[in-house]
Amino acid sequence: MSHLDADKLKVFTGPRLTRRWLRRSCDYLQIPLGNGGTELFPDGELIVKVDEDVRGRDCFIVQPTSHPVNAHLMELFVWIDTLKRASAPSA
């Protein structure tokens, strides 16, 4: 993959469990892992923060859908919404 492709592509993950695996995969593909993450408030609310510019870049989210399925799917939906609001053309 060329450096120009890596500039157009961003890969994100929420949970800490997949971060180590995804970091190794991104190193192999020569793509930097996106700078962002999730936080869980004590009341159970979730916030997703994207700490870099994603405007005009294709974004991929690696998210497990294992137990608890509802929580993981809702986190995925919040990631998609956050990236779309940050002007990513595809998430």
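Predicted model: local features only at pLDDT ≥ 70, side-chain atom pairs only at ≥ 80, totals over all residues.

Biologist: Why is Gln 63 called buried?

Modeller: Its relative accessibility is 12%. Buried means under 20%. Therefore Gln 63 counts as buried.

Biologist: What makes the pair of Gln 63 and His 72 a polar contact?

Modeller: A polar atom of the Gln 63 side chain lies 3.2 Å from the backbone oxygen of His 72.

Biologist: Which residues does Gln 63 touch, leaving aside neighbours within four places in sequence?

Modeller: Gln 63 is in contact with Gly 14, Pro 15, His 72, Glu 75 and Leu 76.

Biologist: Why is Leu 29 called partly exposed?

Modeller: Leu 29 has 43% relative accessibility. Buried is under 20% and exposed is over 50%, with partly exposed in between. So Leu 29 counts as partly exposed. Leu 29 belongs to helix 2, residues 16–29.

Biologist: How do you know that strand 2 and strand 3 pair?

Modeller: Five bridges join strand 2 (residues 36–40) to strand 3 (residues 46–50). Pairing needs at least two bridges, so these strands qualify. They run antiparallel. Gly 36 stands opposite Val 50 in strand 3.

Biologist: What lies between the strands of that hairpin?

Modeller: Five residues lie between strand 2 and strand 3, and Gly 44 in this hairpin takes a positive phi near 100 degrees.

Terms used. Residues numbered from 1 in each chain as written. Heavy atoms only, no water. Buried < 20%, exposed > 50% of the residue type's maximum accessible area, 1.4 Å probe, protein only. Polar contact = N/O pair within 3.5 Å; in protein donor to acceptor, adjacent residues only side chain to side chain. Contact = heavy atoms within 4.5 Å. Helix = DSSP H or I, 4+ residues; strand = E, 2+ residues; numbered from the N terminus.
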